Amino acid sequence: MLVSLAALTLLTIAAPLAVSRLRQRFGYVAALVSLALFGWFAAQFPTLLRDGPTVETIAWLPSLGSSLTLRLDGLSGLFALLITGIGALVALYTVGYLEDHPRLARFWTALLLFELAMLGLVLADDILVLFVFWELTGVASFFLIGFSPERPRARASAQQALVVTGAGGLALLAGLLLWAREVGSFRLSDLLAADHLLVDSPVLTAVFVLLLVGAATKSAQFPFHFWLPNAMEAPTPVSAYLHSATMVKAGVYLLARVSPFFAAHSWWEPALVLLGAVTALVGAFLAVPQRDLKRLLAYSTVSALGTLVLLLGLGVDASKPFALFLLAHALYKGAAFLLAGAIEHTTGERALDRIGQLGKHAPSLAVSTLLVVLAAAGLPPTLGFVAKEAMLETASEHAAPLVTGALVLGLIGQTTVAWLLVRPLVQRAPAPHVHHGHWGLLASPVVLATAALAGGLALSLVTPIVSLVTEAVTGGLKTVSALALWHGFNVALALSAVILLAAALLAFGWRRWAQLGDRLALTEPLGERPTGLGRFACERGYRAGLDALAWFANAQTRILQNGYLRVYITVIIATTVVLVAASAAAAGLLSLETQIVRTPIDLLDTVLVITIVASSLVAVRASERLAALAALGILGFSLALLYARYGAPDLAITQVLVDTLTVVLLVFAFYRLPRYARLSSTATRLRDAGIALVFGLMMSGFTLLVFAIEPATRISTFFNEAAYPAAHGRNVVNTILVDFRALDTLGEITVLGLAAIGVLTLLRYGRGERTS
Amino acid sequence: MSTLPSLILRTAVRWIAPLLLLFSLFLLLRGHNEPGGGFSGGLIAATGFALFTFGYSLETARRLLRVPPSTLVAVGIGVAFASGLVSLVRGEPLLTGVWFTLPLPGETSLELGTPLLFDVGVYLTVIGAALTMLFAFAEE
């Protein structure tokens with residue numbers, strides 16, 4: 001598993017260079033790598049069936065309790081198969097879809113980053129690792145939705161998806177950390193194995209709600225569903241891969257993953273069933289009137305995601321239909337998206353009512369479409385049919401009639417969308433200008449649809465996968481008996497027939513629904529001034545939230561970031577003094593007997609101290625900038641001498657260098673600085689002097705306090721002893737920096753780099769803004 | 001800077017700046033056992049390039065550096081992080097020092113380890129960050 005992640009990491013890093021050489025042919029490389037990974041994961045299934053889940057671990061940050069632990073069980077295995085398998089097909093498809101696009105390198109880097117992150121997300125057994133990969137999928141999705149940054153709507157949609165899923169990610173992080181704190185482990189398998197009787201405790205309830213929010217934003221559940229149709233700004237391979245088959249299922253994955261533990265929670269069933277049912281209905285209702293092919297499929301995906309959440313909410317009984325539908329939907333919806341892209345590529349049109357007569361003018365496209373419709377509508381003998389039967393059977397036996405009704409209505413909407421794909425083949429519309437594309441454009445959707453078809457015929461292959469998934473979702477219960485295509489005449493079959501028929505009728509009279517949708521303003525992305533039902537769109541809540549955020553940011557910036565450096569410094573120093581003094585008093589440090597260590601003071605010390613005091617006075621009182629600078633320089637160098645004298649050569653070197661560079665920087669900035677004048681009144685200066693004195697006194701007092709406390713072992717003793725044997729170095733400071741506390745240093749140099757970029761941005765771009 | 005830098009400064013820079021760069025490498029390499037290290041080495045090297053900016057021009061300094069300073073920042077952080085990944089291959093935690101001894105002719109041997117690589121990363125990042133700021137200030 002680690003090898004698969006490492007391979008994808010290398011490929012991602014190599015992508016920009018390789019793409020500039022291979023151009024669109026890089027897609028074949030990416031497809032081959034994904035295919036190899038697919039083969040590897042497929043080969044793991046016999047082992048999984050025989051020996052149970054496999055775990056691989058690398059001690060990542062053992063001192064923080066986090067390790068890079070990966071775990072492969074049925075659920076993550078199925079997701080891994082989908083990610084790598086559909087990944088390979090999408091890569092092949094991209095060769096034909098994007099052709100020699102100028103921004104190909106950026107596309108591949110982001111897409112491979114996504115594949116890596118998504119694979120890491122489903123394999124992670126450590127919640128911190130899981131969270132990092134979770135966020136990375138969102139970042140990759142941001143770049144891919146905004147792939148055409150020249151379009152304002154693409155930029156806005158990318159930002160929207162990032163903000164919505166990112167906010168949910170924060171909730172997820174809070175939930176995960178709270179959970180880890182409660183149980184005392186970062187290992188997901190430990191967390192899930194904790195005592196179920198405690199699941200209703202207030203803390204775990206909070207964890208459940210937070211995880212649910214995270215999952216709902218990622219998987220586009222109501223009321224966060226609006227970002228998904230807007231994400232259709234992305235190139236079609238991305239829509240097929242991220243926004244239908246894999247990434248949007250991350251939330252569903254998370255819920256399925258934690259269900260062995262949280263399904264015992266008393267809120268689990270009502271919350272998930274309600275959330276799923278509402279989402280399934282809203283998605284279905286909004287899907288049917290859409291005119292744009294991709295928005296049509298996007299809303300139907302929302303409905304399907306709601307169905308999946310609903311099934312999870314039904315608990316153990318629904319784990320079999322959940323597993324089946326998860327697999328079937330990824331296959332047929334991925335195929336449908338890829339097909340929609342192929343239709344757009346072939347005809348140059350994406351509006352459903354403007355494409356027609358494909359049956360006559362593009363026969364191969366038409367045959368592929370029929371195959372995809374077969375899979376997507378869930379006609380026998382496809383996997384979609386089996387999934388639907390299982391779903392309806394479970395619902396009619398175990399769920400309330402209301403829930404079954406919602407499920408059926410959602411399925412009617414989704415099936416209508418599938419039937420609607422037939423319209424471009426037969427309906428009357430101006431004959432399309434057919435543009436023949438690369439073979440991958442049709443091969444990829446056909447392979448996916450054939451897989452959905454074959455899955456229904458070769459159920460003996462699907463059964464072990466489904467039973468492994470249900471085992472993971474239910475926490476070890478083996479519930480799946482053999483699957484069958486034909487269940488005899490029963491309620492499920494009747495409902496299935498009703499769904500197909502109702503959907504066919506809806507699709508037949510689609511023009512009327514589309515016109516109704518136009519009147520209610522449902523068919524276009526939400527405009528600046530919403531009309532019709534758009535007035536009640538959840539997206540308006542998002543906009544209001546962003547406006548409120550901007551207002552708050554403005555308000556607090558006016559107060560805190562007022563642009564006066566002197567105010568910042570005053571606030572920082574005064575706050576430090578208050579906090580340190582308060583905590584020192586609270587810890588009882590002020591009443592300690594301080595033994596003032598009397599060290600002999602010689603001439604050099606005296607001279608240095610006098611120089612330091614004198615130069616600081618000069619710096620404060622100087623009437624010319626150059627004099628003040630010189631005084632500060634003297635101050636710095638005297639301090640450095642003092643450090644060197646008392647056994648801190650590294651500190652002294654750094655002090656000297658920083659002082660030198662400061663002077664160099666000031667020389668460059670010298671001509672830009674304003675007139676060196678006394679601007680503040682005497683009263684202000686006295687107040688500042690007071691603050692400075694108090695701060696100085698506090699620091700001196702603090703230094704003296706150090707002598708009053710005699711710890712059992714001094715940290716310097718440890719480092720002195722450990723530096724050579726453990727870190728192979730005799731310079732203790734350096735061994736701390738590059739070995740003992742190297743992670744801190746890594747963080748610090750990252751901050752240093754960011755600061756440099758910040759300075760660059762301020763100087764280069766701040767200037768233009770001021771003049772305009 | 002609009003005025004022509006003085007001849008004395010230019011001549012001095014030609015001699016001092018290369019020495020500073022050599023000295024910065026010296027500090028970097030000795031850092032593990034004696035005072036020095038990537039941070040101070042990086043600052044010295046940045047000073048060397050700053051001198052060129054004084055004595056000649058910003059363009060000269062940029063040309064001598066060959067790569068944009070912000071690239072150095074990225075490469076530096078990358079090298080430092082990559083040095084931490086080496087230990088993962090041996091199944092040890094991130095950023096654990098991995099050492100090996102290089103036998104040299106005679107009685108001596110040289111100990112090399114990933115912390116040195118890490119320090120090189122720090123060195124590059126510091127040069128890059130300092131020069132990014134410096135060049136931005138010098139640009140006018």
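Start by selecting A:T415, which is found in helix α18 (residues 401-420) of chain A. Helices here are DSSP runs of H or I with at least four residues, strands are runs of E with at least two, and both are numbered from the N terminus. This is a predicted model, in which local features need pLDDT of at least 70, side-chain atom pairs count only at pLDDT 80 or more, and totals for chains, interfaces and linings use all residues. Residues are numbered from 1 along each chain as its sequence is written, while chains are lettered from A and ligands numbered from 1 in the order in which they are written.

**Around A:T415**

Is A:T415 buried or exposed? It is buried, because 27 other C-beta atoms lie within 10 Å. The cut-offs: 20 or more other C-beta atoms within 10 Å of a residue's own make it buried, 12 or fewer make it exposed, and anything in between is partly exposed, with C-beta atoms placed from the backbone. Now show A:A377, A:G378, A:I499, A:L500 and A:A503, which A:T415 contacts once neighbours within four places in sequence are left aside. Contact means that the C-beta atoms, placed from the backbone, lie within 7 Å.

Next, pick A:L331. Beyond residues up to four places away in sequence, A:L331 touches A:A375, A:L383, A:L448, A:A451 and A:A452. The largest nonpolar core has 209 residues, and those touching the most other members are A:L331, A:A335, A:V372, A:A375 and A:A452. Helix α14 (residues 319-347) of chain A gives this core its largest share, 18 residues. Apart from it lies another core, of 51 residues, among them A:A742, B:A80, B:L94 and B:L131. A nonpolar core is a set of buried Ala, Val, Leu, Ile, Met, Phe, Trp, Tyr and Cys residues joined through C-beta atoms within 7 Å.

Go to helix α1 (residues 2-22) of chain A, which bends by about 55° at A:A15, with a proline, A:P16, following within four residues. That bend is the angle between axes fitted to the seven residues ending there and the seven starting there. Color the buried residues of α1(A): A:S4, A:L5, A:L8, A:L11, A:T12, A:A15 and A:V19. What covers them includes α2 (26-51) and α4 (104-123) of chain A. Just after α1(A), A:R23 takes a positive phi of about 50°.

Now bring up helix α3 (residues 74-98) of chain A beside α4(A): they pack at an angle of about 170°, with axes 9 Å apart. The axes are lines fitted to C-alpha atoms, for helices over the stretch in contact, and angles run from 0 to 180 degrees between N-to-C directions. On the α3(A) side, A:S76, A:F79, A:A80, A:I83, A:G87 and A:L98 meet residues of α4(A) including A:F107, A:E115 and A:M118. By class, this contact has 10 nonpolar, two polar and one charged residues. Ala, Val, Leu, Ile, Met, Phe, Trp, Tyr, Cys and Pro count as nonpolar, Asp, Glu, Lys and Arg as charged, and the others, Gly among them, as polar.

Most residues other than glycine have a negative phi, and most peptide bonds are trans. In the loop between α8 and α9 of chain A, stop at A:A220. Its phi is positive, about 55°, although it is not a glycine, and with 27 C-beta neighbours inside 10 Å it counts as buried. A:P223 is in the loop between α8 (202-218) and α9 (227-230) of chain A, and a cis peptide bond joins it to A:F222, with omega about 0°. Another cis bond runs from A:P380 to A:P381, with omega near 5°.

**Over to chain B**

Chain B holds five helices and two strands, in the order α-α-α-α-β-β-α. Of its 140 residues, 44% count as buried. Where it meets chain A, the contact takes 45 residues from chain B and 42 residues from chain A. On the chain B side, α5(B) supplies the largest share, 15 residues. That side has 26 nonpolar, 15 polar and four charged residues.

Last stop: B:L95, which is not a glycine but has a positive phi of about 70°.

Technical notes
Two residues are in contact if their C-beta atoms, placed from the backbone, lie within 7 Å.
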